[in-house]
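Welcome! Take a look at the picture before reading on.

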Amino acid sequence: MAQIPLNRFKTIRHELTTDNVGIYTCPTGVATIIILSQVANTATGVASVTAYHSRSGTDFELTKNTPVPPEDSYSIVGDGRLVLETNDVFKIEASENSKLNIVLSILETAKQ
């Protein structure tokens with residue numbers, strides 16, 4: 001069995017749609033810290049974002065229908081951090097397709 005690296009930084013980029021989709025699932029044997037979760041509105045009109053922490057199939061809203069002004073951004077976890085455990089999912093959706101993008105910066109740490 002291959003050993004999991006102790007610490008691994010990753011960046012996840014995703015264009016948001018009106019579908020509630022999981023854009024990151026915490027792998028087995030790992031705890032993940034979401035360091036940054038920046039949503040940018042690249043369009044000319046206001047669009048809103050809803051994000052969820054999902055565990056065992058149950059979605060818990062982190063933010064709901066939060067407006068993101070045109071050419072501006074919104075941080076879902078703000079100045080804090082969000083810890084995900086094995087199989088937890090970060091899900092997100094937008095009020096309109098192709099207006100919002102998200103960048104997640106994460107740190108995966110092996111559970112040893």
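Is Lys99 buried or exposed? Lys99 has a relative accessible area of 17%, so it counts as buried (buried means under 20% relative accessible area, exposed over 50%, partly exposed in between, with a 1.4 Å probe and protein chains only). This is a predicted model, where local features need pLDDT of at least 70 and side-chain atom pairs count only at pLDDT 80 or more, while totals for chains, interfaces and linings use all residues. Residues are numbered from 1 along each chain as its sequence is written, and side-chain values use heavy atoms, leaving out hydrogens and water.

**Salt bridges**
- The count comes to 7 salt bridges (a side-chain nitrogen of Lys or Arg within 4 Å of a carboxyl oxygen of Asp or Glu).
- Lys99 pairs with Glu96, with the closest N and O atoms 3.2 Å apart; Glu96 is partly exposed at 33%.
- Glu108 and Arg8 form a salt bridge at 3.0 Å, N to O.
- This pair links distant parts of the chain, 100 residues apart: Glu108 is in strand E9 and Arg8 in strand E1 (strands are DSSP runs of at least two residues, numbered from the N terminus).
- Glu108 is buried at 2%, whereas Arg8 is partly exposed at 32%.
- Arg8, Lys10 and Glu108 are linked in a network of salt bridges.

**Around Thr32**
- Thr32 sits in strand E3, residues 30-41, and is buried at 0% relative accessibility.

Technical notes. Helix = DSSP H or I, 4+ residues; strand = E, 2+ residues; numbered from the N terminus.
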